[in-house]
Amino acid sequence: MIQKGENCVGKISLHARMATDGLGLPFKCGGLTVAAQMPCTIISVAPLKGQGMAVGAALKKTVKLTLPTVGKVTTHKDMRALWGGQGQWYILGGDAEILGKTLKGSAAVGDQSDAWAVFSLTGKDANAVMARLTPLDISTMEIGQTARSEFAHMLAVITPIPGGYEIMVLRSFAKTAVQHTIAAMEMLSAQMVLK
């Protein structure tokens, strides 16, 4: 967990845990890379009944970030808001204390930084690997979109990024999700060699 005032870079335990678990991220294979991408914070925001517009206005005024519509992402400086499902958003990079004070009485706000693991899959064949891991029609997704879906039989939030995809899974599934991703990368690479 990050303590107040600490620099996010190099302080995230995800890298160390994954290395300790023998995953050795980043992992490269056949022009593809899977790497840990843990943001400073992951904060869930769920407006209380009838408070959606008030929450959106308060966020825009305080941190200059708008809540995205269904399946979308919004950004401001080093913060991103991801649609996370009906009446729920994830704010990556925000300050939980400030958001909690800003939205007090209008939303349930929770710091879920320790609950999620985030990693990226990048490379020219990222779509082919993702097609093996999720039922989403990944080829139709664009930057600025996000989807809550299955990823290797686990709940995930999948977001296109330049050159690939960012995948958020519950931290307890991080090792399994990365192992499935690496296996799909290796199978694709082996098929390319056989062609």
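Modeller: Start with Asp 125. Its relative accessibility is 17%, so Asp 125 counts as buried. Here buried means under 20% relative accessible area, exposed means over 50%, and partly exposed lies in between, using a 1.4 Å probe and protein chains only. This is a predicted model: local features need pLDDT of at least 70, side-chain atom pairs count only at pLDDT 80 or more, and totals for chains, interfaces and linings use all residues. Residues are numbered from 1 along each chain as its sequence is written, and side-chain values use heavy atoms, with hydrogens and water left out.

Asp 125 has a charged partner. Lys 124 forms a salt bridge with Asp 125, and the closest N and O atoms are 3.5 Å apart. A salt bridge is a side-chain nitrogen of Lys or Arg within 4 Å of a carboxyl oxygen of Asp or Glu. Lys 124 is exposed, at a relative accessible area of 75%. Side chains of opposite charge can pair when their charged atoms come close.

The structure holds 3 salt bridges. Another joins Arg 80 and Glu 166, with 2.8 Å between the closest N and O atoms. This pair links distant parts of the chain: Arg 80 lies in strand E5, Glu 166 lies in strand E11, and 86 residues separate them. Strands (E, at least two residues) and helices (H or I, at least four) are DSSP runs, numbered from the N terminus. Glu 166 is buried, with 7% relative accessible area.

The remaining pair sits in a helix. Lys 101 and Glu 97 meet through their side chains in a salt bridge of 3.5 Å, N to O. They are 4 residues apart in helix H3 (residues 96–102), so about one helical turn separates them. Lys 101 counts as exposed at 62% relative accessibility. Glu 97 counts as partly exposed at 40%.

Now return to Glu 166 and its strand. Glu 166 is the bridge partner of Ser 120 in E11. Strand E8 (residues 116–122) and strand E11 (residues 164–170) pair in the antiparallel sense over 7 bridges. Two strands pair if DSSP finds at least two bridges between them. In a regular strand the side chains alternate between the two faces of the sheet.

Both strands belong to an open sheet of 6 strands, with antiparallel pairing and the order E1-E2-E8-E11-E10-E9. Its edge strands are strand E1 (27–29) and strand E9 (147–151), each pairing on one side only. From one strand to the next, the twist averages 25°. Helix H4 (residues 126–133) packs on the sheet. H4 touches strand E2 (32–36), E8, E9, strand E10 (154–161) and E11. Contact means heavy atoms within 4.5 Å. The direction of H4 makes about 30° with that of E11. Axes are lines fitted to C-alpha atoms, for helices over the stretch in contact, and angles run from 0 to 180 degrees between N-to-C directions.

Cys 29 is found in strand E1. It counts as buried, at 16% relative accessibility. Leaving aside neighbours within four places in sequence, Cys 29 is in contact with Met 185, Glu 186 and Ser 189. The C-alpha atoms of Cys 29 and Met 185 are separated by 6.5 Å, though the two are 156 residues apart along the chain.
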